[in-house]
Amino acid sequence: MLLTLAAFALALGILVVIHEMGHYLVARACGVRILRFSVGFGKVLFRRTDRRGTEWALSAIPLGGYVKMLDEREGDVPASQRHEAFNAKPVSNRIAIVAAGPIFNLVLAALLYASLNMIGIKEPAPILGAPPANSAAAAAGISAGDRITAIDGSLVASWGDARWVLLKRLTDKEAAEITVKTASGAEAVRMLDFGRVALDDMEGDVLGREGLALASPRPIIRAVVDGSAAADAGLLAGDRVVGVADKRDPSATEFIQTIQQYPGRTLPIAIVRDGVPMTVNVMPRAETPAGASVPVGRVGAQIGGDVELITMRYGPIDSLVMGAQKTAEVSWFSLRMLGKMLTGNVSLRNLSGPVTIADYAGQTARIGLEAYIAFLALVSVSLGVLNLLPIPMLDGGHLLYYLVEIVKGSPPPERWMEIGQRAGLSILMVLMAVALFNDFSRLLT
C-alpha cells in the first residue's frame with residue numbers, strides 16, 4: 001500500500017509540475033506576471049517567493065496544481081502593470097500559454113518513450129499459445145507455437161509491437177492479415193476477423209480472450225535445494241524441461257501440477273542440459289500443505305519460465321522519432337476510444353479514475369523502472385489529451401473561447417462563458433463520478 005501511494009504521488013507530482021511548467025514558461029516568455037505556481041490545492045504547506053514576485057507553493061491536496069497569473073478579471077491591476085496581465089495579451093499569446101500545458105505533457109511522453117528505446121527494453125517474442133475454441137484466433141486457424149512475423153505486411157519484432165497493432169485492429173473491428181512462422185518452421189498467412197468482437201468490456205486481456213496470447217513459458221530449473229528430491233535425482237540449475245511423465249513440452253504450470261500428482265512415486269523428467277537431452281527419475285516427496293487433507297508431491301526446486309526475450313534498443317535519433325510516433329499513436333487511440341464511448345460502441349465501464357491509476361502506479365513500480373517509465377508516459381499522454389478536449393474548465397475549453405474570439409473579432413459574452421463553465425464543471429463531475437464508480441466496482445469484484 002505504501003509503495004502504491006508513493007508511486008502514485010510521485011507520478012502525479014511529475015506530471016502536474018511538467019504541465020504547469022508549460023503554462024509558466026510560455027507565460028513568462030509572453031511577458032505575463034506570474035503570481036503563484038502551486039503544486040496541489042487548498043491550504044499552503046510551504047511557500048517561497050522569488051525575486052520576480054512569484055510565489056512557489058506546495059499545497060495540502062496533491063490532486064493537481066495551478067499557475068495563477070495577473071488578470072484584470074480576477075482583481076484590480078495597477079495601471080503600471082496592466083501590460084503584464086494575461087487578459088491584456090493578444091489572443092495568439094493566450095492560445096500559446098494555455099496550449100503549452102498539455103503540449104508539455106505530450107512532449108514529456110515522447111521523451112519517456114524515447115528513453116526506453118535508448119535504454120533498451122526486453123520484450124517477449126511474439127509466439128502465440130493455443131487459442132480457445134470460438135475465438136477470433138481459432139477461427140483464423142492460429143495454432144500453438146505460431147510466431148508472428150508481420151501484420152498487414154509490416155514486420156513485427158516483439159510481442160509489444162504485435163499487441164499494439166492488434167489492439168488497434170480489434171477496437172476498430174477491422175480484419176488483420178497475420179503472417180506467422182508455424183512450430184514446424186513453415187510460413188503461413190492467417191486472416192483475423194474482429195468484426196464480431198464485443199467491445200463492452202476492454203478491461204483485462206481483451207486480446208487473450210480472442211485467442212491472441214503468448215505461449216505459456218517452458219519450465220526451466222532456476223535453483224535446487226540441497227538435500228531435496230531434485231538434488232538426489234541430479235537435477236541442476238539451468239536444466240530445461242522438455243517432458244514430464246508421458247507429456248511432451250509441458251508448460252511451467254503443467255510441469256508443477258504433474259509433480260504435485262506424484263507424491264512418493266517415481267516421475268521421469270526429460271531435460272536438456274548444455275544442449276544434451278537426457279532423462280532423470282525423481283521421486284517427489286509427499287507433503288501436506290496447510291489447510292489441505294491430501295498430500296502433494298514436492299521436489300525442492302525453483303521452477304522458472306523459459307521465455308524467449310528480444311532486446312529492443314535504438315540510437316538517439318531513431319528513439320526520438322519513434323517516441324514522437326508512439327505518442328501520436330497513443331493520443332489518437334485515446335481520442336478514438338473516447339469517441340466510441342460517446343457513441344456507445346465502447347462501454348463507459350472502461351473509464352478509469354484515480355484509484356485504478358494509483359493501482360497501476362504501484363504495480364508498475366513493483367515490476368521495475370522500465371514499466372514505471374512506460375506508465376508515466378501513458379498517463380502523461382492521457383493528461384495531455386484530456387486537457388485539450390473542448391470542455392469548459394479544461395485548457396481545451398479556453399482554446400475554444402479563443403477560437404470564437406478570432407472568428408467573432410471579440411471575446412464571447414461573459415454570460416456565455418459563465419454558462420460554459422457551469423456546463424463544463426457538470427460534465428467533469430459526471431465523468432469523475434463514473435470513473436470512481438468503475439474504480440470501486442473493480443476493487444469489489
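Trainee: What should be kept in mind about the model and its numbering?

Mentor: This is a predicted model, in which local features need pLDDT of at least 70 and side-chain atom pairs count only at pLDDT 80 or more, while totals for chains, interfaces and linings use all residues. Residues are numbered from 1 along each chain as its sequence is written, and side-chain values use heavy atoms, with hydrogens and water left out.

Trainee: How many aromatic pairs does the structure hold, and which kind is the pair of tyrosine 24 and phenylalanine 37?

Mentor: Rings of Phe, Tyr and Trp (its six-membered ring) pair if their centres lie within 6.5 Å, and planes under 30 degrees apart count as stacked, over 60 as edge-to-face and the rest as tilted. By that criterion the structure holds six aromatic pairs. For tyrosine 24 and phenylalanine 37 the ring centres are 5.9 Å apart and the planes stand at 80 degrees, so this pair is edge-to-face.

Trainee: Is phenylalanine 37 buried or exposed?

Mentor: Buried means under 20% relative accessible area, exposed over 50% and partly exposed in between (1.4 Å probe, protein chains only). With a relative accessible area of 3%, phenylalanine 37 is buried.

Trainee: At what distance from the ring centre does lysine 326 lie over the face of tryptophan 164?

Mentor: A charge sits over a ring if NZ of Lys or CZ of Arg is within 6 Å of the ring centre and within 35 degrees of the ring normal. Arginine 265 lies over the face of tyrosine 262, at 4.3 Å from the ring centre. For lysine 326 over tryptophan 164, the distance from the ring centre is 4.5 Å.

Trainee: How are helices α4 and α8 oriented to each other?

Mentor: Axes are lines fitted to C-alpha atoms, for helices over the stretch in contact, and angles run from 0 to 180 degrees between N-to-C directions. Helix α4 (residues 159-171) and helix α8 (residues 316-343) pack at an angle of about 25 degrees, with their axes 11 Å apart. Angles under 35 degrees count as roughly parallel, over 145 as roughly antiparallel, 65 to 115 as roughly perpendicular and the rest as oblique. The orientation of α4 and α8 is therefore roughly parallel.

How values were computed: Helix = DSSP H or I, 4+ residues; strand = E, 2+ residues; numbered from the N terminus.
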